[in-house]
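Biologist: I want to learn how to read salt bridges in a model. Can we work through some cases together?

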Amino acid sequence: MFFVDTIELEGLGNRSYLAGGESAAVAVDPPRDIDQVLAAAARRGVRISHVVETHIHNDYVTGGLELARITGARYLVPAGANVTFDRVPVADGDRVDIDPGSGVTLEAIATPGHTPHHTSYALHEAGRAVVVFTGGSLLIGTVGRPDLVEPRLTEQLARAQHASAHRLASDLPDETAVLPTHGFGSFCSSAQSEGEETTIGKEKSANTALTVDVDTFVAELLAGLEVVPAYYTHMCPANAAGPAPLDLTPPALADAHDIAARLAAGEWVVDLRDRVAFADGHVAGSFNFEADGKLATYLAWMIPWDKPVTLLADTAEQLADAQRELVRVGIDRPAAAATGTPDAWLPAGTAPASFPRSTFAGLAAQDIDGVVVLDVRRDSEREGGWIEGSVHIPIHELHGRLAEVPPGTVWVHCAGGMRAAIAASLLDASGRDVVAVDDGFDAATDAGLPLTAG
């Protein structure tokens with residue numbers, strides 16, 4: 001009897017999988033922190049005989065090469081992928097035995113679109129496809145985006161996505177479970193997926209790649225693409241070169257003097273505490289990226305690449321979890337770290353900095369002409385409506401555009417509060433008077449604020 005275990009990478013919106021039979025298994029698109037995969041195999045009592053990649057990833061650093069090295073597994077990578085390490089090149093139609101005793105095999109299916117070399121893998125039990133690992137090809141209700149490789153290839157890859165989706169739908173039984181890597185919040189998805197599980201049969205009636213003609217599909221797909229996180233530029237080269245083994249040992253400890261010196265040197269000091277605690281008191285000049293938010297996505301997106309970062313955390317556990325998140329996107333070693341509270345991070349006699357938080361009702365009570373309203377949502381979000389007179393600078397651009405924020409007290413908002421907290425910390429660090437609106441954007445209408453729709 002086959003099994004499939006899902007390994008969630010919630011912060012990045014991805015999933016990896018371990019699948020197999022009674023004695024052996026395959027790891028699909030494993031994360032950088034491979035201890036999770038090894039633990040899953042140990043719980044099942046199986047040997048990892050194969051590690052496979054659906055494509056060279058653009059949004060995270062793979063652990064595939066290291067996992068194969070440690071376990072002695074065969075490392076299968078699409079033959080068309082340009083990599084510099086030894087691997088087993090996989091072509092369309094190739095089959096491998098995962099667990100012969102259980103009748104579990106894996107078949108490679110060429111599904112170009114997300115990348116030119118993209119490959120899906122159908123897991124067969126006793127000759128029947130029971131699961132298909134679709135990576136960035138067929139997702140839940142959508143497909144992986146086709147614009148991450150080369151602008152000149154985007155339309156061509158979009159058309160390939162349509163063809164690949166149709167191939168999967170025609171070649172596999174309706175009851176085959178579809179298990180994608182992307183689509184759970186990842187920016188590699190062309191749209192937000194709805195639901196947690198699906199099958200080929202369900203996708204035939206729900207996925208636009210399978211319900212509209214190719215020209216309509218391509219036009220709608222390209223029109224709806226979101227901005228690409230800046231750190232994606234670094235992920236594919238790192239994966240193609242073969243990532244180094246990760247190091248999750250605790251970083252060097254920083255005291256108040258060290259923290260001050262790093263700030264003075266222009267390094268990033270990142271406070272991982274929740275936004276309420278940060279607003280109430282923090283080290284002046286530090287930035288707030290909540291550990292429980294999309295830490296890896298937004299910090300990697302916004303920090304200048306290779307800029308030293310010092311992490312400040314509530315606890316050693318919070319620090320370790322953040323460090324694990326960050327290695328997945330290539331931020332391998334924090335320069336230093338500290339745990340505790342701002343009292344321990346500041347020189348004696350220095351008071352913590354702070355700024356107020358409020359709601360859209362609080363903003364509505366202000367003289368709207370007397371304050372600056374800063375909207376840090378993405379362009380696509382703002383198109384659905386914005387507060388009249390507000391300034392728009394997406395959060396991922398704010399650090400480089402602080403000079404564009406008009407003078408005055410800045411009331412900064414996003415769609416829910418997390419990105420507003422990041423923005424408020426950047427503004428506070430630059431010496432601006434700021435109020436963080438910690439509220440859902442729907443409340444702006446309830447508060448009676450004047451809105452304009454695009």
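Modeller: Start with the rule: a salt bridge is a side-chain nitrogen of Lys or Arg within 4 Å of a carboxyl oxygen of Asp or Glu. This is a predicted model, where local features need pLDDT of at least 70, side-chain atom pairs count only at pLDDT 80 or more, and totals for chains, interfaces and linings use all residues. Side-chain values use heavy atoms, without hydrogens and water, and residues are numbered from 1 along each chain as its sequence is written.

Biologist: How many salt bridges does this rule give?

Modeller: The count is 31 salt bridges. Take R159 and E155: their side chains form one, at 3.4 Å from N to O.

Biologist: How are R159 and E155 separated in helix α3?

Modeller: By about one helical turn, because they lie 4 residues apart in helix α3 (residues 154-171). Helices here are DSSP runs (H or I, at least four residues), as are strands (E, at least two), numbered from the N terminus.

Biologist: Is D438 buried or exposed?

Modeller: First, the cut-offs: buried is under 20% relative accessible area, exposed is over 50%, and partly exposed lies in between (1.4 Å probe, protein chains only). D438 has 19%, so D438 is buried. Its salt-bridge partner is R275, at 3.0 Å from N to O. This pair links distant parts of the chain, 163 residues apart: D438 sits in the loop between β21 (434-437) and α17 (442-446), R275 in helix α9 (residues 275-280). R275 is partly exposed at 21%.

Biologist: Which residues do shared partners join into one network?

Modeller: D33, D35, R324, E325 and R328.
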